[in-house]
Amino acid sequence: MGEIEVNNFSLKYTIESGQFFRYYPIDGWYYIVSRNNVFKIKQEDNKLIYEGDCNEFFIREFLGLNDNMDEFIKFAKNKDLNKFLEKYPGIRIMKQDLWQCLVSFVCSSASNVKKIQLNLNLLSQYFGKQIKYDNKIFYSFPEPRSLNDLEKLKEAKTGYRANFLFNINNMVDETFIRNLRLVKYEKAKEILTSLPGVGEKVADCVLLFSLGHKNAFPVDVWIKRMMEELYFSGEKTSIKKIREFAEEEFGEHCGYVQQYLFHYGRMNG
DNA sequence: CTCCAGGTGCTTG
DNA sequence: CAAGCACATGGA
């Protein structure tokens with residue numbers, strides 16, 4: 001059991017803002033599965049309470065607690081984006097396990113949060129290890145190279161994404177992942193999009209939610225709508241134009257702007 | 001039963 | 001480039 005004092009932070013909005021999928025709300029806690037680690041965490045006012053296979057250092061990085069929000073809040077006010085921060089305050093960009101993040105967002109294409117969670121739960125049951133914690137059964141996230149059975153991938157209801165996952169599984173290992181951490185944004189994006197089933201959007205999600213590139217700006221249908229509404233007087237605008245605009249307008253704050261707009265759009269859409 | 005969902009890849013103008 | 005379409009499958 002440990003405690004961490006936090007400010008400008010909401011565990012609920014961070015966990016539930018669609019960047020991470022393997023969480024289970026039980027008895028007032030969020031049970032979290034990150035690769036082989038299972039732990040539980042809850043927030044009471046400005047206090048985070050955690051227990052299980054984790055430590056303070058990990059939690060701080062995982063939940064983005066080390067990010068300095070003052071600068072972003074100032075930036076957002078300047079750009080007249082207050083309303084999105086005030087509606088769901090305390091969202092942070094998480095820093096997730098890369099492999100788990102990659103597989104998650106490959107599953108996300110033409111899908112929805114609930115189904116993504118179904119896919120990940122089944123994949124973990126079929127390819128992961130059973131972990132008992134608090135008298136409950138969880139399944140670790142499958143290791144790279146372990147998604148090696150196409151039929152089982154299909155049984156996990158991944159549909160047409162099964163082939164993508166099968167091929168990615170053959171292309172990605174720990175060395176591949178280590179290298180990804182060493183290179184800059186552009187190069188990492190180039191490497192990621194060379195994987196089957198990984199386009200610019202999925203790549204940007206991994207770059208943002210796992211590799212910490214806060215200048216990434218994943219453009220999905222929600223962000224597209226929000227951006228068209230806010231900056232293109234409601235006119236249909238190509239994803240390419242939206243991304244270019246965001247890069248120019250938000251720069252290093254792209255990732256945070258995206259996450260606040262996304263959550264707002266999804267909750268009020 | 002039909003339509004759509006945190007897209008991607010492939011094919012055509 | 002931009003537009004159109006197929007791709008599996010659960011849920012509304």
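**Protein, DNA and a domain interface**

Let's start at the DNA. This is a predicted model. In it, Tyr-160 puts a polar side-chain atom 3.1 Å from a base nitrogen of DNA strand B. The phosphates come next. Gly-197 uses its backbone: an N or O atom there lies 2.8 Å from a phosphate oxygen of DNA strand B. Which elements give two or more residues to the surface near DNA strand B? Those are helix 11 (200-209), helix 12 (221-231) and helix 14 (254-268).

How many residues surround DNA strand B? The number is 25. The closest are Gly-18, Ser-111, Gly-197, Asp-220 and Gln-258. On the DNA side, take the atoms that come within 4 Å of the protein: sugar and phosphate make up 64% of them.

Next, the layout of the chain. Chain A splits into domain 1 (2-67), domain 2 (98-209) and domain 3 (221-268). I'll stay with domains 1 and 2. Their C-alpha centres are 21 Å apart. Domain 1 brings 19 residues to the contact, and domain 2 brings 23.

How much area is buried between domain 1 and domain 2? About 1,800 Å². Carbon and sulfur atoms give 56% of that area. Three residues stand out on the domain 1 side. Phe-21, Arg-22 and Arg-35 lose the most area to domain 2. Together they account for 45% of what the domain 1 side buries.

Arg-35 comes up again in the charged pairs. Arg-35 makes a salt bridge with Glu-174, and the closest N and O atoms are 3.1 Å apart. The count of salt bridges between domain 1 and domain 2 is three. Polar contacts across this interface come to 14 residue pairs, with both residues at pLDDT 80 or more.

Where does the domain 1 side come from? The elements giving two or more residues to it are strand 2 (23-26), strand 3 (29-34), strand 4 (37-44) and strand 5 (47-52). Its make-up by class is nine nonpolar, five polar and five charged residues.

That's my tour. Over to you.

Technical notes
Residues are numbered from 1 along each chain as its sequence is written. Chains are lettered from A and ligands numbered from 1 in the order in which they are written. This is a predicted model: local features need pLDDT of at least 70, side-chain atom pairs count only at pLDDT 80 or more; totals for chains, interfaces and linings use all residues. Side-chain values use heavy atoms; hydrogens and water are left out. Domain bounds come from an automatic or database domain assignment. Contact means heavy atoms within 4.5 Å. Buried area is the accessible area (1.4 Å probe) that two parts lose on being put together, summed over both. A salt bridge is a side-chain nitrogen of Lys or Arg within 4 Å of a carboxyl oxygen of Asp or Glu. A polar contact is a pair of N or O atoms within 3.5 Å; within protein, one must be able to donate a hydrogen and the other to accept it, and residues adjacent in sequence count only if both atoms are side-chain atoms. Helices (H or I, at least four residues) and strands (E, at least two) are DSSP runs, numbered from the N terminus. Ala, Val, Leu, Ile, Met, Phe, Trp, Tyr, Cys and Pro count as nonpolar, Asp, Glu, Lys and Arg as charged, and the others, Gly among them, as polar. A residue is near a molecule or strand if one of its heavy atoms lies within 4 Å of it.
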